[in-house]
Amino acid sequence: AKVVERFYKAGGGLYLWGDNDPLHADADFFGQRLFGVRMRGDYQGERVIGVKEHGAHCGIIPGHPISTGIARFYEGITIAAVQTNSQVKPLVYSSDGNVVTAYSESYGSRLLFDGGFTRLWHKWDSAGTGRFVTNCAAWLANAADEGGEISFT
């Protein structure tokens, strides 16, 4: 835990994945340790969502670098809602209106906290999820933005 925390606080990007209860204990451990947030619930997803438009209850927040080029993507089979606070902000609202993915840029680092792990293996190709994951990886690699290196030791 100390190595992961040191990596993150030194500028490394961190993506914490979880899923429906109780499949988010590891993500919760770090979410609690770093920001006092956790996941909860066992919600049925199964929907393809897009960009959150004004007044809509679900979708990815427009204008964030991760939402670039995304028209739609799969939310996951069963999902967990993620907590947000002043440092961890909503990025994706699931079809049930809960936050399923949140982000942070605290400590000069980037973090994603996501309760939709099943989107990584189910309906990957049919719903544009590859673009979402690619955007997430590029955003998390913020050390490259600064031209710096992150040490794992």
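A: Happy to, and please keep in mind that this is a predicted model. Let's begin at helix H1, residues 2–9, where the buried residues are Glu 5, Phe 7 and Tyr 8. They cover an arc of only 160° around the axis, which puts them on the same side of H1. The partners they pack against are strand S1 (14–17), helix H2 (25–35), S8 and strand S9 (111–114). After H1 comes Gly 11, with a positive phi near 115°.

Tyr 8 also belongs to a ring cluster, in which ring pairs link it with Phe 35 and Tyr 107. Tyr 107 has a charged neighbour too: Lys 9 lies over the face of this ring, 4.6 Å from its centre.

Now for the ring pairs as a whole. Counting rings whose centres lie within 6.5 Å, the model has 8 aromatic pairs. One of them joins Phe 29 and Phe 30 edge-to-face, with 5.1 Å from centre to centre and 85° between the planes. Phe 29 is partly exposed, at a relative accessible area of 43%, whereas Phe 30 is buried, at 16%. Another edge-to-face pair is made by Tyr 103 and Trp 139, whose ring centres are 5.9 Å apart and whose planes meet at 85°. Tyr 103 belongs to strand S8 (residues 99–104) and Trp 139 to helix H3 (residues 129–140), so this pair ties together parts that are 36 residues apart in sequence. Both Tyr 103 and Trp 139 are buried.

To finish, let's turn to a strand and its surroundings. In strand S6 (residues 78–82), 5 of the 5 residues are buried, so the strand is largely enclosed by the rest of the structure. In a regular strand, side chains alternate between the two faces of the sheet. Both faces of S6 are covered: Thr 78, Ala 80 and Val 82 are buried on one side, and Ile 79 and Ala 81 are buried on the other. Strand S2 (residues 39–44) runs antiparallel to S6 and is joined to it by 4 bridges.

Terms used. Residues are numbered from 1 along each chain as its sequence is written. This is a predicted model: local features need pLDDT of at least 70, side-chain atom pairs count only at pLDDT 80 or more; totals for chains, interfaces and linings use all residues. Side-chain values use heavy atoms; hydrogens and water are left out. Rings of Phe, Tyr and Trp (its six-membered ring) pair if their centres lie within 6.5 Å; planes under 30 degrees apart count as stacked, over 60 as edge-to-face and the rest as tilted. Buried means under 20% relative accessible area, exposed over 50%, partly exposed in between (1.4 Å probe, protein chains only). Helices (H or I, at least four residues) and strands (E, at least two) are DSSP runs, numbered from the N terminus. A charge sits over a ring if NZ of Lys or CZ of Arg is within 6 Å of the ring centre and within 35 degrees of the ring normal. Two strands pair if DSSP finds at least two bridges between them. The arc is that of the directions from the helix axis to the C-beta atoms. Contact means heavy atoms within 4.5 Å.
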